[in-house]
Amino acid sequence: MLQMITNVDVFDDLDVPPKKHVKKELIDAPEKKATAVEKKVTTGEVLRVKYKNSNLPAGCQDSNTWCGLLIPTIAHAAGGDDVHPWLVEDDALILIFMKAWKTVYMKNLTLIDHSIVSGDAVYYMAKQHLSEWHGGFGSTAVMMITSLMAADLLYESEDNRVGFADFWLEDNKFLFGDVDSDNKKEWSGMWQSTFILQTFMVHLNYTQGRVPVPELNSKEPVL
């Protein structure tokens, strides 16, 4: 009978991917560098700008405020209550950006009243960071399963790997910390399985340094 590993110690050495920084090189548009949010060409097509950090408002990156405070705060809000982290509408996203911005830069009189609009440098770069935040979950999940398979010769067999997947996917078994019982009603520890906890570590790591934004922590929907 195929035995499934449930020991959380299997993943003790798993390294959570560190935060990534947006690549700083500016991508050239055809023939010359783009300088506006959008440029319409003669064919009617729209070319979108690839912003870089130097396009952000002057001073917003000082003392690592942008990456160390603002981005973690935005990611925390985008993963909060009443917000779908993968399907945030632009209006709600800009509201999150603005409230986080005003909180983080509240003592900077030259930045606090900066307006963020869809497609501008702040919007574009912040969304790039959110995309990296999203990708971290998938990367960690793949690394976790790959590490588990490599740690036990049992999973050299494709059939055993399929059996492993079937075992944990059945009745969403992978969500629970304790699935020893054959009766699923006796399973316990919802959201406390190794798979969930290790993946959630990505969010905790990415949002380190966030600052509280009372308006984004209310029980009311963001928008």
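Residues 24 or more positions apart account for 66% of the contacts in the protein chain that have a separation of 6 or more. The model discussed here is predicted.

Visitor: Which residues of α1 and α2 meet?

Guide: From α1 come T65, W66, L69, L70, T73, I74, A77 and A78, and they meet I96, F97, A100, W101 and V104 in α2. By class, this contact of α1 with α2 has eleven nonpolar residues, two polar and no charged.

Visitor: Why is α1 called roughly perpendicular to α3?

Guide: The axes of α1 and α3 come within 10 Å and cross at roughly 65 degrees. Angles of 65 to 115 degrees count as roughly perpendicular, so α1 is described as roughly perpendicular to α3. The crossing in which α1 passes α3 is right-handed.

Visitor: What does α1 meet in α3 (121-150)?

Guide: W66, C67, I71, I74, A75 and A78 in α1 meet V122, M125, A126, H129, L130 and W133 in α3. The contact of α1 with α3 divides into eleven nonpolar residues, one polar and no charged. W66, I74 and A78 of α1 are named in the contact with α2 and again in the contact with α3.

Visitor: What span does helix α5 reach, and what is expected?

Guide: Helix α5, residues 194-206, has 13 residues and reaches 19 Å from its first C-alpha to its last, close to the 18 Å expected at 1.5 Å a residue. Its buried residues are T194, F195, Q198, T199, V202, H203 and Y206. The buried residues of α5 pack against α1, α3 and α4 (158-169).

Visitor: Why is Q198 called buried?

Guide: Q198 lies in helix α5 and has a relative accessible area of 10%. Buried means under 20%, so Q198 is buried. The C-alpha atoms of Q198 and F137 are separated by 9.4 Å, although the two residues are 61 residues apart along the chain.

Visitor: What makes A58 count as exposed?

Guide: A58 is found in the loop between β2 (46-48) and α1. Exposed means over 50% relative accessible area, and A58 is at 72%, so A58 counts as exposed. In sequence A58 and T110 are 52 residues apart, and in space they are 9.1 Å apart, C-alpha to C-alpha.

Visitor: What value has the phi of S63, and is S63 buried or exposed?

Guide: Most residues other than glycine have a negative phi. Phi of S63 is near 60 degrees, a positive value in a residue other than glycine. S63 is in the loop between β2 and α1. The cut-off for exposed is over 50%; S63 has a relative accessible area of 76% and is therefore exposed.

Visitor: Why is N172 called partly exposed?

Guide: N172 has a relative accessible area of 41%. Buried requires under 20% and exposed over 50%, with partly exposed in between, so N172 is partly exposed. N172 lies in the loop between α4 and β3 (176-178), and phi of N172 is near 55 degrees, a positive value in a residue other than glycine.

Methods: Residues numbered from 1 in each chain as written. Predicted model: local features only at pLDDT ≥ 70, side-chain atom pairs only at ≥ 80, totals over all residues. Heavy atoms only, no water. Helix = DSSP H or I, 4+ residues; strand = E, 2+ residues; numbered from the N terminus. Buried < 20%, exposed > 50% of the residue type's maximum accessible area, 1.4 Å probe, protein only. Expected span 1.5 Å × (residues − 1). Contact = heavy atoms within 4.5 Å. Nonpolar A, V, L, I, M, F, W, Y, C, P; charged D, E, K, R; others polar. Axes fitted to C-alpha atoms, helices over the stretch in contact; angles between N-to-C directions. Parallel < 35°, antiparallel > 145°, perpendicular 65-115°, else oblique. Left-handed = near helix turned anticlockwise from the far one by under 90°.
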